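This briefing concerns one structure, which is shown below. The points that follow are grouped by topic.

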Amino acid sequence: MHVFHIRYRNTQGTLMRILNAASRRGLDMPYVQAEPAEHMHKVTLLLNVNTKQVGQLCRDWHAIVDVMDLHAGAPLKEMMHTHGAWQAPHPPASVNLTEAARSAMA
Amino acid sequence: MLKGADIVLRCLRAEGVDLVFGYPGGAIMPLYDALNGSGVRHILTRHEQGAVFAAEGYARSTGRVGVAIATSGPGATNLVTGIADAKMDSVPLVCITGQVRSALIGSDAFQETDVFGLTLSLTKWSRLVQSIEEIPEVIAQAFYWARSGRPGPVVLDIPVDLLKVLTEFREPARFVAHPKTAHVASYFCEALIPLLKKSNKPVALIGAGAKLSGAIPELRKVLDDLNIPCFVTVHGLGAVSAEVPYYLGMVGMHGTRAANMALHETDLLLVFGARLDDRVTGDPARFAPDARIVHFEIDPAQLDRVRPCELPVIGNLAETIPAFHAAISETTLPDWSAWRELACGAERAELDPRGLSQPTIRFLDELFSRLPVDSIIVADVGQHQMWAAQRYRSSSPRGFITSGGLGAMGFALPAAIGVQLAKPETTVLCVSGDGGIQMNIQEFATIRRLGLPIKIVIVDNKYLGMVRQWQQLFYSRNYAETDLSDNPDFVEIAKAYRIHAQRLEETAMREYPVTSDTANTLEAFLRSPEPGLLVFDCHPEANVFPMVPSGAALSEMLLEEDS
């Protein structure tokens, strides 16, 4: 697993272009978090990719007009934990519900 | 006070646009209503795909930004193939689409599609305009991104209500890009010169990027100084004069034997503005197996696609090539004459045309040899495209235009319209196949209306020829759904559009030299001030050779029918 931190200007479609670079390669995205970061935005992605794909993704992301910089590294423990809880690529909506919520829906 | 539509047109004028291609419809009507007197000439094609390909032809032949306009929904979706084509081939293109009114967006209104979402992965930049105030800024950005760096397509989706509303307008905006980390390594020559000196078999590969950068004169000086075997991609045709002794022609799947062998054997590959796509490399695992790669490229995303390069030279080739030239001018280069003689020698020279394709190749030779200097050939996609590319001998950098990366059939006829409008004094020869011509044949009407003197050739083999060739060679001659033997009479179709048309039998090319009748037919066809169509009967089973089978190494070319 590799984690990627990408800083970008939050213009129309930029986040989608970033995600598209992964989705067009058929990569699952078990962890995605986008948030404001100083004057820009930052998205953190956890992806299961090989070395060649790391290079391709970084170059694709860099070519996006409003991507400012990006870094790749090892994933944090909490990301792996989140990933571990989702065994399937598309978990059912109930996976993250609390017990109380499940009761309410029962 | 101006309407949004007037502001769009004023901003287009400010970007130097005086010609656009399009097709009207409900959501874009206010823009059409404002065209008259705007200074922007609109060319009505007969299909939105015709408009976007024509805009591409205009852009490819001039280097300026092409503009295509369409309405929402189906109008916009019909642009998509052209947008993808522009992305693959680095063509500066701005597409303006009407959108349903702002309040209806997302409601699945009549003729509503998510054009922004639909084109997200195909565009370099795009915007769904949300207020009339942002129109000037958005148009300035659109043109900046379309033409800057590696050029590409941009989409502006404008809700119809914004085109109708009035607002104060002072002047078009200017866009200044935010700074991005520079990657130009000014010291690259320090690494490159030692690589050159160590090399025993260097070669140079030229792609479209070299032409787009405008660095062709400087590049030719570099190649003259290096005097090493040199070849081009299909988009690099014309970058190097076919007359220089070190030029080996086109490389890749249908490249020349000499070029493919030199690329396979090289130990140092200098790449100038080429993507190294699979049609150029053959099997990536066996691509230039002994070579170190030095890649001059403006777009970092194009590096290492096949395999890592030893030395990436990222930056505008208009800057990096002169720097390289200065460096080699100050050094003593090794003697590569033995390698040059092997790579460029008679043993590997082009074979004379033979087999079933011989008459067609001779036909193209006869036609091309009669073209005025600086003519532009616009080729469609298929066998005729490859034959035309193989026989192209001009040294005009923008003289051969085709859909290379996407390989979009139907490209040539509308693209030729854009080329002819951009270059009214130039002879424009559109070479198409019987399959491709029928994909945008409605553009005969545009040509007739404008009286454009485009010369249209259909190489008619009554098959989807390239697919049939693959079926013959790799699918046991199972010609599944490629038979077009019930083609309409193209001559009669052209005549219905009031375009002069005639047919030339294959037998006319069996005599050498051709008879005076045939010569006169070709001369008259090319010299006519009117549009004209010439249908050439090609043998149904003529094939394009050399051919590198899919998944094979470049050295494993099939050279003729019996290979």
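In chain B, helices α3(B) and α5(B) lie roughly parallel to each other, a label given to angles under 35 degrees, whereas angles over 145 count as roughly antiparallel, 65 to 115 as roughly perpendicular and the rest as oblique. This is a predicted model, in which local features need pLDDT of at least 70 and side-chain atom pairs count only at pLDDT 80 or more, while totals for chains, interfaces and linings use all residues. Residues are numbered from 1 along each chain as its sequence is written, and chains are lettered from A and ligands numbered from 1 in the order in which they are written.

**Helix pair in chain B**

- Helix α3 (residues 48-62) of chain B and helix α5 (residues 80-88) of chain B have axes that come within 8 Å and cross at roughly 25°; helices (H or I, at least four residues) and strands (E, at least two) are DSSP runs, numbered from the N terminus.
- Axes are lines fitted to C-alpha atoms, for helices over the stretch in contact, and angles run from 0 to 180 degrees between N-to-C directions.
- From α3(B), the contact is made by Q49(B), V52(B), F53(B) and E56(B), and from α5(B) by T81(B), G82(B), I83(B), D85(B) and A86(B); residues are in contact if their C-beta atoms, placed from the backbone, lie within 7 Å.
- The residues of this contact of α3(B) with α5(B) comprise four nonpolar, three polar and two charged, where Ala, Val, Leu, Ile, Met, Phe, Trp, Tyr, Cys and Pro count as nonpolar, Asp, Glu, Lys and Arg as charged, and the others, Gly among them, as polar.

**Domains of chain B**

- Chain B is assigned domain 1 (2-167), domain 2 (188-348) and domain 3 (355-537), with bounds from an automatic or database domain assignment.
- The centres of domain 2 of chain B and domain 3 of chain B, taken over C-alpha atoms, are separated by 31 Å.
- Domain 2 of chain B gives 12 residues to the contact, and domain 3 of chain B gives 15 residues.
- On the side of domain 2 of chain B that touches domain 3 of chain B there are six nonpolar, four polar and two charged residues.

**Residue Q469(B)**

- Q469(B) belongs to helix α20 (residues 465-474) of chain B.
- Q469(B) is buried because 23 other C-beta atoms lie within 10 Å; the cut-off for buried is 20 or more, with 12 or fewer for exposed and partly exposed in between, C-beta atoms being placed from the backbone.
- Apart from neighbours within four places in sequence, Q469(B) contacts Q383(B), N543(B) and V544(B).

**Chain A**

- Chain A has four helices and four strands, in the order β-α-β-β-α-β-α-α from the N terminus on.
- Of its 106 residues, 21% count as buried.
- Helix α1 (residues 14-23) of chain A packs on helix α2 (residues 51-63) of chain A at an angle of about 155°, with the axes 10 Å apart.
- That angle makes α1(A) roughly antiparallel to α2(A).
- I18(A), A21(A) and A22(A) of α1(A) make the contact with L57(A), D60(A) and W61(A) of α2(A).

**Contact between the chains**

- Chain B contributes 16 residues to the contact and chain A contributes 14 residues.
- Strand β6 (residues 125-128) of chain B supplies four residues, the largest share of the side of chain B that touches chain A.

Technical notes. Contact = placed C-beta atoms within 7 Å.
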